[in-house]
Amino acid sequence: MTIRYLHTMVRVLDLEKSMAFYALLGLKETRRWDNEGGRFTLVFMAPPGQEDCPVELTWNWDGDPGLPSDSRHFGHLAYEVDDIHATCAHLMANGVTINRPPRDGRMAFVRSPDNISVELLQKGAAKAPAEPWVSMANTGHW
């Protein structure tokens with residue numbers, strides 16, 4: 001038996017806001033499918049050069065009153081980054097709350113506009129602890 005990763009699907013309330021959030025992480029749209037009959041759009045976004053590892057954003061045209069909920073039924077998305085401090089600074093500068101700052105120089109958590117928990121992990125060895133992260137408290141949960 002063989003198995004191959006295809007994608008992670010998350011439902012989104014505002015497609016444009018969600019796409020902008022994932023674009024801040026460096027993901028690019030790789031394909032899109034508008035389903036007239038089902039009244040939904042699927043947008044696949046992936047890191048450049050990793051098109052086989054997308055997140056599928058599912059947007060229902062008529063809305064979804066359950067979103068954004070705080071449901072964490074699938075866990076989280078995880079992405080490795082070259083510089084966790086620079087990535088978190090970039091996200092903060094663009095209005096993203098750092099829920100779990102990278103105090104250890106290794107791991108941080110943020111949430112998408114739809115409350116999807118996203119883990120950011122430092123590539124390779126952890127960076128040396130640095131401000132403002134070391135003294136920054138957690139915000140909410142992840």
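Is Arg39 buried, exposed or partly exposed? In this predicted model, Arg39 is partly exposed, because its relative accessible area of 37% falls between the 20% limit for buried residues and the 50% limit for exposed ones. Arg39 occupies the loop between strand 2 (28-35) and strand 3. Its backbone is also of interest: Arg39 has a positive phi of about 55°, although it is not a glycine.

The C-alpha trace spans about 50 × 35 × 30 Å along its principal axes. For 142 residues, a compact globule would have a radius of gyration near 14 Å, and the 16 Å of the protein agrees with this. Of the contacts with a separation of 6 or more, 57% are between residues 24 or more positions apart.

Buried residues account for 37% of the 142 residues. The protein exposes about 7,900 Å², of which carbon and sulfur atoms supply 54%. As for charge, the mean positions of the 14 positive and 18 negative charges are 4 Å apart.

Strand 3 (residues 40-46) includes Thr41. Thr41 counts as buried because its relative accessibility is 2%, where the limit is 20%. The side chain of Thr41 forms a polar contact of 2.7 Å with the side chain of Trp61. Beyond residues up to four places away in sequence, Thr41 touches Leu15, Arg32, Trp33, Asp34, Leu57, Thr58, Trp59 and Trp61.

Apart from neighbours within four places in sequence, His85 is in contact with Pro102, Gly105, Lys127, Ala128, Ala130 and Trp133.

Two backbone features remain to be considered. Asn115 lies in the loop between strand 7 (107-111) and strand 8, and its phi is near 70°, a positive value in a residue other than glycine. With a relative accessible area of 23%, Asn115 is partly exposed. In the segment after strand 8 (117-122) lies Pro132. The peptide bond that joins Glu131 and Pro132 is cis, with omega at about 10°.

Technical notes: Residues numbered from 1 in each chain as written. Predicted model: local features only at pLDDT ≥ 70, side-chain atom pairs only at ≥ 80, totals over all residues. Heavy atoms only, no water. Helix = DSSP H or I, 4+ residues; strand = E, 2+ residues; numbered from the N terminus. Buried < 20%, exposed > 50% of the residue type's maximum accessible area, 1.4 Å probe, protein only. Polar contact = N/O pair within 3.5 Å; in protein donor to acceptor, adjacent residues only side chain to side chain. Contact = heavy atoms within 4.5 Å. Rg over C-alpha atoms; globule rule 2.2 N^0.38 Å. Areas by Shrake-Rupley, 256 points an atom, 1.4 Å probe, with all protein chains shown as cover. Lys, Arg positive; Asp, Glu negative; His and termini not counted. Charge placed at Lys NZ, Arg CZ, Asp CG, Glu CD.
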